[in-house]
Amino acid sequence: MRRIRVLFCCEHSFPAGFACTLAALTSSEREYVDVVRVDRDDVHREIAACDVAVPLMTRLDAQMLKIGAAGRLRLVVQFGVGLEGVDIRAATACGVRVARIPSERTGNASSTAEMAVFLLLAALRETNEMRASIAGSRLGNPCGRSLEDCEVMIVGMGAIGVKIAERLRGFGCSMTAARNRAWDASTVPDGINDGCSISDAKKFDLLLGNADAVVLACTQDASNKGMIDAAFLAKMKPNAALVNIARGGLFNRDDILSALNSGHLGYLASDVAWLEPVDPSDELVNHHRAYFTPHVGGVTQSSYRTMGRIIANVAVALNEDDIDSLADIQIVN
């Protein structure tokens with residue numbers, strides 16, 4: 001029985017993923033599965049010696065994939081959903097399979113939806129101003145906004161967007177939504193009052209201009225990279241809040257900073273950034289009306305234990321040349 005080597009491609013990011021995968025391996029599986037992690041800068045030296053690469057936030061471009069495919073690399077599987085950092089076309093050309101773990105099968109969608117609600121409340125209640133009031137021994141400040149009085153627009157109605165809507169329903173807020181597919185009110189959760197396809201620009205702009213808060217829950221690809229730009233922000237309701245639990249590549253960083261400085265954008269609360277890990281000294285990160293968390297939306301004990309077991313199952317299946325039988329991953333090439 002040959003040994004299967006699983007490589008986590010960033011030693012200092014998402015450490016719980018590595019730990020949960022190790023913990024999921026049974027004693028018999030440990031006899032032929034090795035799970036290792038290296039610093040991002042060392043991936044190019046190690047990827048050819050692994051069978052499975054878990055990219056996390058490390059970019060696997062054509063050159064990196066060629067290096068891996070020239071050795072043992074057979075599969076790239078994300079510890080979660082996002083594959084925007086993987087050159088899927090290059091992987092296919094190299095004979096390397098690429099897969100994600102769908103969020104609805106792991107609890108990741110629920111965890112990320114909870115994070116969206118947390119960030120939405122942080123934005124509406126002006127969490128940074130609360131900290132300043134504590135530091136200044138001031139009581140009764142800031143005067144925030146009630147979620148019940150707001151109209152919230154959810155952009156993206158996949159598994160995570162649906163879970164967000166389900167959780168917001170209990171707050172009594174009005175909700176609208178937009179999604180990539182054609183709009184069909186019969187297929188969206190109760191509580192969504194109106195919606196549209198993202199491609200319906202006229203209706204999308206109307207909903208965007210009416211929303212007191214916009215929550216980004218869409219996937220990122222070449223078609224929407226940098227979509228949160230000056231034009232998008234100008235169409236938002238003045239003083240509206242923007243929440244991002246999707247991907248930082250949706251942001252045009254400079255345009256968001258300008259909108260905050262002008263006062264048009266009321267608040268930004270985001271679990272992701274345009275460059276990760278983000279520079280902690282960045283002006284936008286330190287803006288008094290911006291609140292960032294370190295990409296932890298789906299990082300909960302329950303979802304990570306489940307995904308750790310899935311990665312362990314992937315290694316076992318690869319050893320048996322039975323990767324296509326796995327129901328818990330989605331192979332995209």
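Between domain 1 and domain 2 the count is one salt bridge, a salt bridge being a side-chain nitrogen of Lys or Arg within 4 Å of a carboxyl oxygen of Asp or Glu. Before the details, a word on the source: this is a predicted model, where local features need pLDDT of at least 70, side-chain atom pairs count only at pLDDT 80 or more, and totals for chains, interfaces and linings use all residues. Residues are numbered from 1 along each chain as its sequence is written, and side-chain values use heavy atoms, with hydrogens and water left out.

The domains, then. The assignment for the protein chain gives domain 1 as 4-106 + 300-331 and domain 2 as 109-292; such bounds come from an automatic or database domain assignment. Their C-alpha centres are 31 Å apart. Nine residues from domain 1 and eight residues from domain 2 take part in the contact, where contact means heavy atoms within 4.5 Å.

How much area is buried between domain 1 and domain 2? About 690 Å², with carbon and sulfur atoms giving 49% of that; buried area here is the accessible area (1.4 Å probe) that two parts lose on being put together, summed over both. On the domain 1 side, Met57, Glu84 and Ser103 supply 54% of the area buried against domain 2, more than any other three residues. The rule also finds three residue pairs in polar contact across this interface, both residues at pLDDT 80 or more. A polar contact is a pair of N or O atoms within 3.5 Å; within protein, one must be able to donate a hydrogen and the other to accept it, and residues adjacent in sequence count only if both atoms are side-chain atoms.

Now to arginine 247. Arginine 247 forms a salt bridge with glutamate 84, with 2.5 Å between the closest N and O atoms. Arginine 247 sits in the loop between β10 (240-244) and α10 (253-262); helices (H or I, at least four residues) and strands (E, at least two) are DSSP runs, numbered from the N terminus. Is arginine 247 buried or exposed? It counts as buried, because its relative accessibility is 17% and the cut-offs are under 20% for buried, over 50% for exposed and partly exposed in between (1.4 Å probe, protein chains only). Leaving out residues up to four places away in sequence, arginine 247 touches Val81, Gly82, Glu84, Gln220, Val272 and His295.

Elsewhere, the total by the salt-bridge rule comes to 14. One of these joins aspartate 205 and lysine 235, with closest N and O atoms 3.4 Å apart. Aspartate 205 lies in helix α8 (residues 201-210) and lysine 235 in helix α9 (residues 230-235), so this pair ties together parts 30 residues apart in sequence. Both are partly exposed, aspartate 205 at 27% and lysine 235 at 40%.

Arginine 167 and glutamate 166 also meet through their side chains in a salt bridge, at 3.9 Å from N to O. Arginine 167 is partly exposed at 28%, and glutamate 166 is partly exposed at 34%.

Finally, aspartate 254 and arginine 253 form a salt bridge at 2.8 Å, N to O. Arg253, Asp254 and Asp282 are linked in a salt-bridge network, and aspartate 254 is partly exposed at 46%.
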